[in-house]
Amino acid sequence: MKLAETVTFGGSGLDRAAHLRGDTDALSALLDNPDTGVLPVWRGKPLIGGEERNRPAWQSANHPIFSEADEAPIFLGLDDGVARFARDISGWEPDENLDTLNQFLDPSEQHFPGLPDDERFSELRAIMTHMTPRDAELITAAKAIGSWHETHGYCARCGAKSTISMAGWQRDCDACGAHHFPRTDPVVIMLVTLGNSVLMGRSPGWPEGMYSCLAGFVEPGETIEAAVRRETFEESGIRVGEVEYLSSQPWPFPASLMFGCRGHALNKDITIDPEEIEDAIWVTREEMMETFAGNNPKMKAARKGAIAHFLLLNWLRDTLD
């Protein structure tokens, strides 16, 4: 797919400078450099600046906000030669109401005392399409690697507490000597078509009217193509023949890699598994165009920035090649 890398979080050619991750002297020098930026992340929410919520709010490494951190900075790479780090400060307790933190889309923003008014911790889903490709790649990496550290603080082999190493890209266990590395969960998301229609599904708990392409995790020992066929049949009873890979998208909620594929349906009758999804329907191209235009009272368009939106939009434009 010629447009594959234009998907949100599709990458910007960031120099991740992996050769520096084990060089403690070089990393220390970078952190001492006044040009270096460190991005605070609070409970998975990056610090975002600008009235339009369109840029990461980089801070100096010695900013008072990092007194709330309990682990070392994570080296993200070199942004046109400028070092970028991220650091978790989830131990900070803000004064704002936190009732919406675990909602599907958290609308709240948190402000750290002393920072400019427009620099606030924001839910990435809400602002992901506002970013440049470079900023989006940096924030995605920061959120994904931070989520891994949050849930992997102890050795999976012996249970002892592990420590951060390799500039955040590894955890080591001093008790048994094991090394642990960040995980990425492969997920297939399927644009399943039959003639002029596309298969759409809805999960329980989604906002009213929200439908999307079917998706599911790739299992151990399974190819992407086999996962597309298995997940589609399990969820909807639709059998898929030919499968084509279209595009991928890092999806840091918390750490997935979405494989966007097109599947050609072999049957039309839908039989949903209520344990998997709440509903599945065929939607014609004309109906989807009305949905994207905001004229379908029964269905909302897939969220802009998600790979489902990207796949459906290119299907409508006939630009999947």
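How many residues of domain 1 are in contact with how many residues of domain 2? I counted contacts as heavy atoms within 4.5 Å. Twelve residues of domain 1 meet 13 residues of domain 2 on that criterion.

**Basis of the entries.** I worked from a predicted model, in which local features need pLDDT of at least 70 and side-chain atom pairs count only at pLDDT 80 or more, while totals for chains, interfaces and linings use all residues. Residues are numbered from 1 along each chain as its sequence is written, and side-chain values use heavy atoms, with hydrogens and water left out.

**Domains.** I noted the division of the chain into domain 1 (8-180) and domain 2 (185-317), the bounds of which come from an automatic or database domain assignment. The C-alpha centres of the two domains are 31 Å apart.

I then looked up the UniProt record, an unreviewed entry, which lists residues 182-307 as "domain: Nudix hydrolase". Its positions are given in the numbering used here, feature names are shortened, and annotations may be inferred rather than shown by experiment. I found 17% helix and 38% strand over residues 182-307, with 23 Å between the end C-alpha atoms. Here helices (H or I, at least four residues) and strands (E, at least two) are DSSP runs, numbered from the N terminus.

**Cores.** I next examined the nonpolar cores, each a set of buried Ala, Val, Leu, Ile, Met, Phe, Trp, Tyr and Cys residues joined through side-chain atoms within 4.5 Å. I took buried as under 20% relative accessible area, exposed as over 50% and partly exposed as in between (1.4 Å probe, protein chains only). The largest core has 67 residues, and Phe75 and Met288 touch the most other members. This core draws at least three residues from each of domain 1 (8-180) and domain 2 (185-317). Another core, of 17 residues, lies apart from it and includes Val218, Val240, Phe259 and Trp282.

I listed the contacts of Phe75 beyond four places in sequence; among them are Leu20, Leu27, Leu30, Phe85, Ala167 and Trp169. Arg16, Arg21 and Arg84 are also touched by Phe75.

**Aromatic pairs.** I searched the whole structure and found seven aromatic pairs. Rings of Phe, Tyr and Trp (its six-membered ring) pair if their centres lie within 6.5 Å; planes under 30 degrees apart count as stacked, over 60 as edge-to-face and the rest as tilted. Trp42 and Phe121 make a tilted pair, at 6.3 Å centre to centre and 50 degrees between the planes. Trp42 belongs to strand 1 (residues 37-42) and Phe121 to strand 6 (residues 120-121), 79 residues apart, and the pair thus links distant parts of the chain. Both Trp42 and Phe121 are buried.

Phe75 and Phe85 also form a tilted pair, at 5.1 Å centre to centre and 50 degrees between the planes. Because Phe75 lies in strand 4 (residues 74-79) and Phe85 in strand 5 (residues 82-88), this pair ties together parts that are ten residues apart in sequence. Phe75 counts as buried because its relative accessibility is 0%, and Phe85 does so at 2%. I also recorded one aromatic cluster formed by Trp42, Trp92, Phe112 and Phe121.

Is helix 3 largely enclosed or open? I found 14 of its 19 residues buried, so helix 3 is largely enclosed by the rest of the structure. Helix 3 (residues 133-151) reaches 27 Å from its first C-alpha to its last, close to the 27 Å expected at 1.5 Å a residue; the expected span is 1.5 Å times one less than the number of residues.

In helix 4 (residues 224-236) I looked up Arg229. Arg229 is partly exposed, with a relative accessible area of 35%. Leaving aside neighbours within four places in sequence, Arg229 is in contact with Val240, Gly241, Glu242 and Val243.

**Backbone entries.** Which residues does a cis peptide bond join? I found Phe253 and Pro254, with omega about 5 degrees. Pro254 is in the loop between strand 13 (240-251) and strand 14 (256-265).

I noted a positive phi, near 55 degrees, at Arg53, a residue other than glycine. Arg53 lies in the loop between strand 2 (45-49) and strand 3 (55-56) and is buried, with a relative accessible area of 8%. Ala167 likewise has a positive phi, near 55 degrees. Ala167 lies in the loop between strand 7 (163-165) and strand 8 (170-172) and is buried at 12%.
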